[in-house]
Amino acid sequence: PAFQDVSALLLQRRQEMDATLARLPILYYERGLDVLDQGNRVAALQDLNRSLELDPTFAPASLAIAQIQYNDNNKPAAAARVLNVMPPTSPAIRRRP
């Protein structure tokens, strides 16, 4: 019985850790937005990039970086990042005639 208790506790802790790790990209993204609101663009980019390191498919972080690039007048990099997240075949992207 004691072994089963320890085993159950370890399983519970493992599930808690997995849930925390799964949320890390979101936490870095949210912190990045918070420090950006405070005017700290460098720290924001660090957190947003960390979010993407943890989950390269996390579109909100990538789009937030694109917005910073756009505001920094780096429109080609911003456009490339947006197109990477939302390819031209996406219904959300409309091409001009």
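A residue counts as buried when its relative accessible area is under 20%, as exposed when that area is over 50%, and as partly exposed in between (1.4 Å probe, protein chains only). At 0% relative accessibility, S51 is therefore buried. The model is a predicted one, so local features need pLDDT of at least 70 and side-chain atom pairs count only at pLDDT 80 or more, while totals for chains, interfaces and linings use all residues. Residues are numbered from 1 along each chain as its sequence is written, and side-chain values use heavy atoms, with hydrogens and water left out.

S51 sits in helix α2; helices here are DSSP runs (H or I, at least four residues), numbered from the N terminus. Leaving aside residues up to four places away in sequence, S51 touches P25, Y28, Y29, F58 and A61, where contact means heavy atoms within 4.5 Å.

Y28, one of those partners of S51, belongs to helix α1. With 23% relative accessibility, Y28 counts as partly exposed. Y28 touches D47, R50, S51 and L54, again not counting residues up to four places away in sequence. Y28 and N49 are 21 residues apart along the chain, yet 8.6 Å separates their C-alpha atoms.

Next come the helix pairs. The axes of α2 and α3 come within 9 Å and cross at roughly 150 degrees; axes are lines fitted to C-alpha atoms, for helices over the stretch in contact, and angles run from 0 to 180 degrees between N-to-C directions. That angle makes α2 roughly antiparallel to α3, given that angles over 145 degrees count as roughly antiparallel, under 35 as roughly parallel, 65 to 115 as roughly perpendicular and the rest as oblique. α2 passes α3 in a left-handed crossing, meaning that the near helix is turned anticlockwise from the far one by less than a right angle. On the α2 side, the contact uses R41, A44, L45, L48, N49, S51 and L52, and on the α3 side A61, S62, A64, I65 and I68. By class, this contact of α2 with α3 has eight nonpolar, three polar and one charged residue. For such counts, Ala, Val, Leu, Ile, Met, Phe, Trp, Tyr, Cys and Pro are nonpolar, Asp, Glu, Lys and Arg are charged, and the others, Gly among them, are polar.

S62, on the α3 side of that contact, is buried at 6% relative accessibility. S62 touches L52, R81 and V85, not counting residues up to four places away in sequence.

Helix α1 (residues 2-37) also meets helix α3 (residues 59-71): their axes come within 10 Å and cross at roughly 25 degrees. The two helices are therefore roughly parallel to each other. α1 passes α3 in a left-handed crossing. Y29, L33 and L36 of α1 make this contact with P60, A61, A64 and I68 of α3. The residues here are seven nonpolar, with no polar and no charged ones.

What about the inside? The largest nonpolar core has 12 residues: Y29, V35, A43, A44, L45, L48, L52, F58, A61, A64, I65 and I68. Such a core is a set of buried Ala, Val, Leu, Ile, Met, Phe, Trp, Tyr and Cys residues joined through side-chain atoms within 4.5 Å. Two or more residues come from each of α1, α2 (41-54) and α3, and α2 gives the most, with five. A44, one of the core residues, touches G32, V35, L36 and I68, not counting residues up to four places away in sequence.
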